[in-house]
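Subject: Structure handover

Hello,

I am passing this structure on to you. Please open it alongside this email and follow the notes below.

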Amino acid sequence: MDLGRLASVAVAAILVNNVVLARLLGLCPIVGGSRQVTSALGLGLVVGCVMTAASMATFGVYSAVLVPLHIEFAETLAFMLVIVGLVRVAEVTMAKVSRGASRVFGGGLPLVTANCAVLGVALINTEKSYDLLTATVHGAAAGLGFALVLVLVTGLRERIELSPVPEALKGAPVILVLTGLVALAFLGFSGLVIE
Amino acid sequence: MSFRHELAKGLLRKNPLVGIALGLCPAVAVSTTLRNGVGIGAATASVLVGSNMLMALVGRALPLKVRIPCLVIVVAGLVTIVDRVMTTYMPGLRAGLGIYVPLIAANCIILGRAWTSAGGGLAASLADGLGTGLGFGFAICLLSAIREVVGSGRLWDAALLGPNYNPMLILVLAPGGLITLGLVMGLFNLFKQRG
């Protein structure tokens, strides 16, 4: 396997085509999400693990079930079932491993709202017909990109809570504008093409 | 709970997009032209009405433990139908929307509304679905009209602002979408505060 191509897929997924800032997936947990950088990091890493696992699992389902049966059109349905199952596994594991963690994440709700980013990554994997290794790397890198943006935006949110924001912009609107500014900064990475 | 009351709730007071900030990903990602906005709005609304009514019909028969997987199957199945219909009759529009059509299956608004309407009254679920769907569609059309006019000087692919207008390209890109949505939400809050 060509290591250079894998690296370019990874860098592109983290910085250039960031899952949140360029593809605009998984905005709900970013906007409605955590208020502390530490819990944001935890949530980001859990979502990253789910994305990696989902990339592998959906690749398996797609190539072992959907393609032989010629029912590729059912990928949305099959992928959603796989992802919902994985998210449930992640929630249960988190609750077992540490009671504190699941309390911080508020009963797993943010994880469910991250579904759309996970499904998006899985759909991109099949759209670009990545093989198993590339799909896994892409999933992991997209997860890292998600965690990075979640931590960045949560850090900004901590600052903005102490600032005088106009009444109408309080809450989600100002976070969206802030995320937009972070996305603007990330546009600078778009010249970064590694072939 | 009258029919009109439910409709008004979805459109204004609890508008899913600009009121309670759900379903953000498709809203920002494809709202670059009014045509796309109408397309994704109509697709989302039809899935929403269908899933609400189906869940109202069969929800009571489903035990709580299997309700989420059933919900996912219902929603993803409807999305697949809408996707096939769009691919057949509106291939151009479908190609422009890309992975964001299958992503309707992971839309938090749809899953949330279908969850609450499980086992509820049929008429109330229909009104709720219509109100939420129209509210989402209205907000996304407004957002995409603003972005298309300011970002490219055109509306519904027709030149609007003349050749001397220098388009603000950033509004069509991802950061502009985030910032515009934040500001539209702020405007909406302002109207809400005035009563």
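Does A:Met51 count as buried or exposed? A:Met51 counts as buried, because it has 32 C-beta neighbours inside 10 Å. (Buried means 20 or more other C-beta atoms within 10 Å of the residue's own, exposed means 12 or fewer, and partly exposed lies in between; C-beta atoms are placed from the backbone.)

Some ground rules. This is a predicted model, in which local features need pLDDT of at least 70 and side-chain atom pairs count only at pLDDT 80 or more, while totals for chains, interfaces and linings use all residues. Residues are numbered from 1 along each chain as its sequence is written, and chains are lettered from A and ligands numbered from 1 in the order in which they are written.

More on A:Met51

A:Met51 sits in helix H3 (residues 37-66) of chain A. (Helices, H or I of at least four residues, and strands, E of at least two, are DSSP runs numbered from the N terminus.) Leaving out residues up to four places away in sequence, A:Met51 touches A:Val118, A:Val121, A:Gly139, A:Ala142 and A:Gly143. (Contact means C-beta atoms, placed from the backbone, within 7 Å.) A:Leu144 is 93 residues from A:Met51 along the chain, yet their C-alpha atoms are 9.5 Å apart.

Two packed helices are described by the angle between their axes and the distance between the axes. (Axes are lines fitted to C-alpha atoms, for helices over the stretch in contact; angles run from 0 to 180 degrees between N-to-C directions.)

Take helix H1 (residues 3-16) and helix H8 (residues 132-160) of chain A. Their axes come within 7 Å and cross at roughly 30 degrees. H1(A) and H8(A) are therefore roughly parallel. (Under 35 degrees is roughly parallel, over 145 roughly antiparallel, 65 to 115 roughly perpendicular, and the rest oblique.) Their crossing is right-handed. (Right-handed means the near helix is turned clockwise from the far one by less than a right angle; left-handed means anticlockwise.) On the H1(A) side, the contact is made by A:Leu6, A:Val9, A:Ala10, A:Ala13 and A:Ile14. H8(A) brings residues including A:His138, A:Leu144 and A:Leu148. The contact residues divide into 10 nonpolar, three polar and no charged. (Ala, Val, Leu, Ile, Met, Phe, Trp, Tyr, Cys and Pro count as nonpolar, Asp, Glu, Lys and Arg as charged, and the others, Gly among them, as polar.)

Now helix H4 (residues 75-97) and helix H7 (residues 115-127) of chain A. Their axes come within 10 Å and cross at roughly 135 degrees. H4(A) and H7(A) are therefore oblique to each other. This crossing is right-handed. A:Glu75, A:Phe79, A:Met80, A:Ile83 and A:Val87 of H4(A) meet residues of H7(A), among them A:Val118 and A:Ala122. Seven of the contact residues are nonpolar, two polar and one charged.

Chain B has eight helices and two strands. Along the sequence they run α-α-α-α-α-α-α-β-β-α. The C-alpha trace spans about 60 × 45 × 25 Å along its principal axes. Of the 195 residues of chain B, 50% count as buried.

The contact between the chains takes 35 residues from chain B and 38 residues from chain A. On the chain B side, helices H2 (24-29), H4 (64-89) and H8 (174-194) each give two or more residues. H8(B) gives the most, with 13 residues. By class, this side has 26 nonpolar, eight polar and one charged residues.

Best regards

Definitions and conventions: Two residues are in contact if their C-beta atoms, placed from the backbone, lie within 7 Å.
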